[in-house]
Amino acid sequence: MTSLSEQAQFEIETRVRELGALPVAPMAMPLQVLEIQRGAGLVDMLLQLRPARTSKAGH
Amino acid sequence: MAAPVADQAHSDGRVYLTRSISLAASLAAAAGGFLLFLQFGASDGLDVIDILRSVLIFASTFWLAWGAMQALAGLTTRPPERPRTEGPITTRTAVLVPVYNEDPVATFARIAAMEASLQETGFGDLFHFAILSDTRNDDIAAKERHWFLRLLADTGAEGRMFYRRRQNNKGRKAGNIEDFIRTSGAAYPFAIILDADSLMEGETMVEMVRRMEAVPDLGLLQTLPVIIHAKSRFGRIMQFAGAFYSPIFARGLAMMQGKTGPFWGHNAIVRVRAFAESCGMPELAGKPPFGGHILSHDYVEAALLARAGWTVRVDDDITGSFEEGPENIVDHAKRDRRWCQGNLQHSRLLLAPGLKMWSRFVFLQGILAYIAPVFWLAFLAASIIAPLFAPPINYFPVEYWPFPVLPVSQASKALGLAVGVVGLLFVPKILIVIDAALRRRAVPFAGTARVAKSTVAELLFSSITAPIFLMYQTRSVLQVLRGADGGWPAQTRGDGTLSLAEAWSGSYWMVTNGVIGLGLANWFAPHLVLWLLPVALPMVMAPIIISWSSKTSKSRLFATPTERHGSAVIRQQDLIMQRWQGNEAPVQSALPGQAVTHA
């Protein structure tokens, strides 16, 4: 059984939803690129240089 | 078309000239400080600690000089004529009020006051309010709904006032605004972005729209909000400083930044299409504090608008824009902790593709603002331990010379440096007082004499509290560097008085550090103890200073024009608050209340 207070809360929520609803007029908001993509440039390539792997001796 | 092009070229030239002079003068001051200290340090033989201290002096002096140059630029220039449309405005504008666990009565009373003020302009129907709730506390959310209905009933603005609560806080405030644009952005060419504690005169909002209408490539227009409703000693000093110095510093900033202006997150108007096209905020790779949501999104949004070719401007001549500030040092430090993390996070964006050079410099400035105190503290620490590294004095440097050669004291150089540093801190403010007296800007602040006394008191207070802020900022930087995320705490608003016990719990670690610092100095470098007292004493006395400054101010000093004469929208807000809290059931009462019955 719903209490009086809960019922009143429900009524308020319903009224707020009806009266306060934002206008529907969507606008796209594309995500921006802020970080340099890994491997995009020469400097990145140089920074990622690692010594070449060698196989274990004796195997 | 030739005239506007010539005007633009002239304006760009002035911006580059201001930047160049400011940069050159700051570098010169920093180099001077570096050389003076190097000579001082070398008097007993140059060692690695002397070089380290000289480098720290270079960085710290540069930062101080840069601030001083900003004030000088503001004092020596006048705001240019801003284009604006005449006659009736025609553009529909959304007024966005993001809220996050705020007191709904205070927030909605501000909205009601702004609505009344807008109606008086005759253009009220062109402004729609959107309350964008990110509140996570269900009790506060229930009160928001209750008071929203009351707001509608009081203002009769049904169809022009909206309320929505997000199910999650994705992207925090930036995500909240973004969510509005994705839902309703196409309905509004302009949006005024406010904070929950923002207040604006209707005429101010109309003026902002006029300036946006007149310049089609203006993407964002920032106003300079004035702090209001401060009651405590700390709050009123900040309020005075904000009202009296900030317009000059802001004008200097405007002269340096040209079309690459700032966004401070609120009390600004944006062109919604520009904002939507340019400011979709990604999350940074990795975890907080350096990864994840971008905390200080406003600086980044300004940079992104500029990257997309939009003009971002701060107009310091727009009045009637208000906000509230923290009432005590601890609340200020809490807010600063968030800003610190946000600014240090910008280190990830210094090399972001396509940004204007000035935007990168602004990020660097923000980082420096928080790193500079660490430099000062490192300088003090290095000075304490310097005697351990100093080579023994050689009284017989010349071979076969039978008489001792006593080293020449270089104390005058250290003194000169200290005077220079203090000058960089004090002179801009003293010049602002002189300028205010000459141009009669002091009159609304209760006259030149009161302004001069207030400035002296403010300088004294800021000197005493500087070491306390230095410690808070250093702690924030260290917390961020070791990976601690400050989260998204709701802002503390309201009274803000702190007892001595509360102040102690917020600063006992500072007292400990102060005592240890003095002890170490007494051990390793007793001759430095006197020099360190201005820094160490406020640290040791921090709880007393914090508690004292949080108490209600009864001083006649620090009067501001708004405090003395008020403003129509502030009076309106106060009346509405009185009506809602006094004659009506208090907000804590059981819901639903009268608002629902009448809605």
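**Close-up views of salt bridges and nonpolar cores**

Both B:Arg110 and B:Glu324 are buried in this predicted model. The legends below treat this pair, other charged pairs and the nonpolar cores.

**View 1. A salt bridge joins B:Arg110 to B:Glu324.** The closest N and O atoms of the two residues are 3.2 Å apart.

**View 2. B:Glu115 and B:Arg160 form a salt bridge.** Here the closest N and O atoms lie 2.4 Å apart. The pair links distant parts of the chain, with B:Glu115 in helix α3 of chain B and B:Arg160 in the loop between α4 (138-155) and β3 (161-165) of chain B, 45 residues apart. B:Glu115 and B:Arg160 are both buried.

**View 3. Salt bridges with shared partners build one network in chain B.** The residues joined in this way are B:Arg82, B:Arg84, B:Glu86, B:Glu207, B:Arg211, B:Arg313, B:Asp315 and B:Asp317. Over all chains, the structure holds 28 salt bridges.

**View 4. A salt bridge between B:Arg348 and A:Glu35 crosses between chains.** The closest N and O atoms of this pair are 2.2 Å apart. B:Arg348 is located in the loop between α11 (329-345) and α12 (357-389) of chain B, and A:Glu35 in the loop between α1 (4-20) and α2 (42-47) of chain A. B:Arg348 is partly exposed, its relative accessible area being 29%. A:Glu35 is likewise partly exposed, with a value of 21%.

**View 5. The largest nonpolar core comprises 52 residues.** The residues with the most contacts inside this core are B:Phe108, B:Phe127, B:Phe148, B:Leu151 and B:Trp580. Helix α3(B) supplies the largest share of the core, nine residues. In soluble globular proteins, nonpolar side chains tend to be buried together.

**View 6. Surroundings of B:Phe108.** When neighbours within four places in sequence are left aside, B:Phe108 is in contact with B:Ile131, B:Glu144, B:Trp147, B:Phe148, B:Leu151, B:Tyr163 and B:Trp580.

Conventions: Residues numbered from 1 in each chain as written. Chains lettered and ligands numbered in written order. Predicted model: local features only at pLDDT ≥ 70, side-chain atom pairs only at ≥ 80, totals over all residues. Heavy atoms only, no water. Salt bridge = Lys/Arg side-chain N within 4 Å of Asp/Glu carboxyl O. Helix = DSSP H or I, 4+ residues; strand = E, 2+ residues; numbered from the N terminus. Buried < 20%, exposed > 50% of the residue type's maximum accessible area, 1.4 Å probe, protein only. Core = buried A, V, L, I, M, F, W, Y, C linked by side-chain atoms within 4.5 Å. Contact = heavy atoms within 4.5 Å.
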